[in-house]
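Have a look at the structure below.

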Amino acid sequence: MNFRIADTFTDSLSKLTNEEQKAVKTTAFDLQMNPANPGMQFHKLEKARDKRFWSVRVSSDLRLIVHRTEDSLLLCYVDHHDNAYQWAESRKLETHPQTGAAQLVEIRETVKEIIIPQYKEAEKPAAQAKPLLFKDCTDDELLKYGVPTEWLDDVRKVSEDTILELADHLPGEAAEALLCLATGTQPQIIPPAAVGSDPFKHPDAERRFRTMQNIEELERALEFPWEKWMIFLHPAQRQMVEKDYGGPTRVSGSAGTGKTIVALHRAVFLSRSNPDARLLLTTFSDTLANALRIRMRRLISNTPRVGERLECIALNEIGLRLYEAKNGRTRIVSDAEIAKIMKEASTEVPDHKFPLSFLITEWKDVVDAWQLNTWEEYRDAKRLGRKSRLPEKQRVVLWSIFEKVRVKLQSKKLLTYAEIFTRLAAHFAKSKKLPFDYVVVDEAQDVSIAQLKFLAALGSGRKNGLFFAGDLGQRIFQQPFSWKSLGVDIRGRSRTLRINYRTSHQIRIQADRLLGKEITDVDGNVEERRGIVSVFNGPKPAILICDSQKKEIDAVAKWIKERIGDGMLPHEIGIFVRSEAQLPRAQSAVEKSKNSYCILDDKVETASGNVSISTMHLAKGLEFCAVCVMACDDNVVPLQERIEMAGDDAELEEVYNTERHLLYVACTRAREHLLITSGDSPSEFLDDLQANL
């Protein structure tokens with residue numbers, strides 16, 4: 001007998017208490033082991049339209065809804081008695097007449113009239129009715145998108161005001177296709193299944209149903225029910241995971257579209273498909289590598305041998321390890337040591353007028369980043385970060401300082417990571433023995449120049465050798481540079497994810513105002529942000545500009561109380577600020593709300609029962625039901641110190657871009673609720689967020 005679970009089951013399971021979940025899991029395991037066990041209390045649902053829906057008793061009040069046939073058992077939903085029965089009575093399992101995919105369809109007669117949600121502002125009485133989006137679509141056109149037959153008339157009646165409400169009632173592929181059409185993009189159409197084929201093996205069915213092959217697979221699926229990505233993949237994601245690529249490829253997409261999930265599944269897929277291969281799953285920071293490692297272990301928990309050949313480690317750590325394996329213990333220079341050495345070297349060059357901050361930036365972003373070792377190399381450097389070229393006379397002075405820095409570093413036997421990766425790149429470019437057969441890189445937009453040289457040497461010339469996942473709109477640590485010039489050419493092998501799973505439609509729309517409609521990298525590869533759709537609806541984000549920091553703290557404290565009053569748990573709330581200087585404001589707000597908190601460090605480990613407080617730079621990889629971005633004040637976002645350090649107009653533009661990206665990253669950590677506040681003169685970025693509201 002085929003034993004399956006539906007994504008609606010894992011969704012409902014995640015909403016139960018820990019004790020309730022334990023009881024449900026025990027029942028699920030018993031069902032898989034022996035569905036005919038006399039101890040299983042099946043009850044036929046007389047009022048259900050689908051006569052194959054049954055309830056299974058979990059406890060005195062909990063009921064598990066299953067769909068049972070002679071050769072299959074599908075776990076569909078779990079809840080308290082009345083809610084579980086209501087869910088089953090309003091749904092049916094059917095095979096779509098045109099696509100051939102299995103669908104759980106909401107019965108149209110059980111749905112109240114679709115109206116504009118309360119969080120949408122109602123039209124004024126005199127306003128003209130909005131045009132109907134799909135009134136001219138034929139049945140065949142709508143059916144090919146997976147729209148259930150009984151919902152065809154409703155689809156033709158929706159306007160831009162009601163489409164989001166309607167989408168909540170449709171199967172995923174139908175909702176996504178209609179949202180794409182409404183935003184002016186053409187949805188991807190999956191060919192219909194062959195007549196007589198298994199409806200559960202259609203790609204659209206596989207995104208919501210999964211056959212459990214053994215008890216270990218079911219155990220993994222139920223251990224973390226909120227992490228659906230371990231079990232269910234969108235067809236577009238699966239295609240990117242399993243495709244063969246002739247060279248380096250990059251998967252892009254805005255925040256929340258599942259790039260990291262694709263990277264994880266790609267690494268595991270390559271490991272399983274190539275039993276003797278060695279794989280590296282990596283990213284630019286230790287913090288993100290730790291998060292990746294946790295997710296990877298969950299994904300492969302029932303096949304631990306995959307992990308023996310799949311290493312998940314930050315780029316700097318693997319680079320240092322490979323270098324020390326050949327050269328012995330190495331000392332990496334710290335930022336504090338660089339500042340000290342730079343100050344010493346600059347005092348030895350009289351009459352120069354360059355501030356220390358400029359010297360350090362020029363060293364990091366130009367000299368060290370590109371590993372410029374001679375005056376001629378520095379003189380001829382294109383320096384992509386700047387529009388205006390420094391006069392040669394000034395460059396001569398600067399190089400005299402940087403040359404002294406290089407000598408001092410050598411005398412102290414200190415190396416930079418850029419130097420290590422450059423040496424490794426040179427070594428592996430000539431070596432026939434490479435440490436890894438495949439490399440998968442997450443958050444690739446913040447990989448450094450030298451790191452990319454190293455990666456190019458590892459796999460740029462080999463089929464499936466390099467796989468990158470990233471978003472140019474979230475680049476906050478690196479200046480732009482040409483990948484192609486360093487041997488990584490992704491042209492023609494760049495793909496974009498367009499379905500957002502993490503943030504509501506309202507939050508995504510507002511956060512996207514911080515960025516352009518498209519972002520182009522130095523090599524001309526374009527990442528379009530048009531046509532991204534969110535799979536769920538939510539309340540509109542709020543922007544609150546206060547007269548003082550005290551009023552801001554009071555307002556945020558009230559907001560926290562309201563979220564918890566709505567049933568949200570403290571650890572489902574995150575507060576972000578630009579830098580450590582603003583952390584006390586966030587702490588005061590949480591304290592005033594009478595809740596405890598934890599300030600996240602580089603390990604970004606949230607604590608149950610505590611509101612999380614963090615700087616924006618640690619926001620990557622995090623997700624909360626509700627997020628407040630505090631202290632969005634003038635001189636804070638963008639940070640005044642960075643503006644003052646800009647050497648010319650192009651560098652100033654780059655500062656503004658990365659500061660926008662930083663605020664975008666913080667805002668898109670929110671799933672359902674977003675509050676953005678200022679307690680002083682508001683940031684100019686808030687004007688962009690409020691545009692066209």
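**Charged residues and their partners**

Asp153 and Arg156 both sit in helix α5, three residues apart, which is about one turn of the helix. The model is a predicted one. Asp153 forms a salt bridge with Arg156, and the closest N and O atoms are 3.4 Å apart. Arg156 counts as buried because its relative accessibility is 17%, and buried means under 20%.

Side chains of opposite charge can pair when their charged atoms come close. By the rule used here, the count of salt bridges comes to 44. In one of them, the side chains of Asp198 and Arg4 meet at 3.7 Å, N to O. Asp198 lies in the loop between α7 (172-182) and α8 (203-206), while Arg4 belongs to strand β1 (residues 2-6), so this pair ties together parts that are 194 residues apart in sequence. Asp198 is partly exposed, at 27% relative accessibility, whereas Arg4 is buried, with a relative accessible area of 5%.

Another salt bridge joins the side chains of Lys92 and Glu150, at 2.6 Å from N to O. This pair also links distant parts of the chain: Lys92 is in strand β6 (residues 91-95) and Glu150 is in the loop between α4 (139-143) and α5 (152-156), 58 residues apart. Lys92 is buried, with a relative accessible area of 17%, and Glu150 is partly exposed, with 26%.

Next come two arginines. Is Arg563 buried or exposed? Its relative accessibility is 9%, so Arg563 counts as buried. Arg563 lies in helix α22 (residues 549-565). Apart from its neighbours within four places in sequence, Arg563 is in contact with Met568, Ile573, Ala626 and His673.

Arg278 lies in a loop, between α11 (259-273) and β10 (279-282). With 35% relative accessibility, Arg278 counts as partly exposed. Leaving out neighbours within four places in sequence, the contacts of Arg278 include Arg309, Leu434 and Tyr438. The C-alpha atoms of Arg278 and Glu308 are separated by 8.8 Å, although these residues are 30 residues apart along the chain.

Which residues gather in a patch of negative charge on the surface? They are Asp286, Glu317, Asp601, Asp602 and Glu605. Asp286 is found in helix α12 (residues 286-299). Asp286 is partly exposed, with a relative accessible area of 47%.

Note on methods
Residues are numbered from 1 along each chain as its sequence is written. This is a predicted model: local features need pLDDT of at least 70, side-chain atom pairs count only at pLDDT 80 or more; totals for chains, interfaces and linings use all residues. Side-chain values use heavy atoms; hydrogens and water are left out. Helices (H or I, at least four residues) and strands (E, at least two) are DSSP runs, numbered from the N terminus. Buried means under 20% relative accessible area, exposed over 50%, partly exposed in between (1.4 Å probe, protein chains only). Contact means heavy atoms within 4.5 Å. Patches are made of residues with over 30% relative accessible area and no salt bridge: like charges are joined within 9 Å, nonpolar side chains (Val, Leu, Ile, Met, Phe, Trp, Tyr) within 5 Å. Accessible areas come from the Shrake-Rupley method with a 1.4 Å probe; for residues, only the protein chains shown count as cover. A salt bridge is a side-chain nitrogen of Lys or Arg within 4 Å of a carboxyl oxygen of Asp or Glu. Lys and Arg count as positive and Asp and Glu as negative; His and the chain ends are not counted. The place of a charge is taken as NZ of Lys, CZ of Arg, CG of Asp or CD of Glu.
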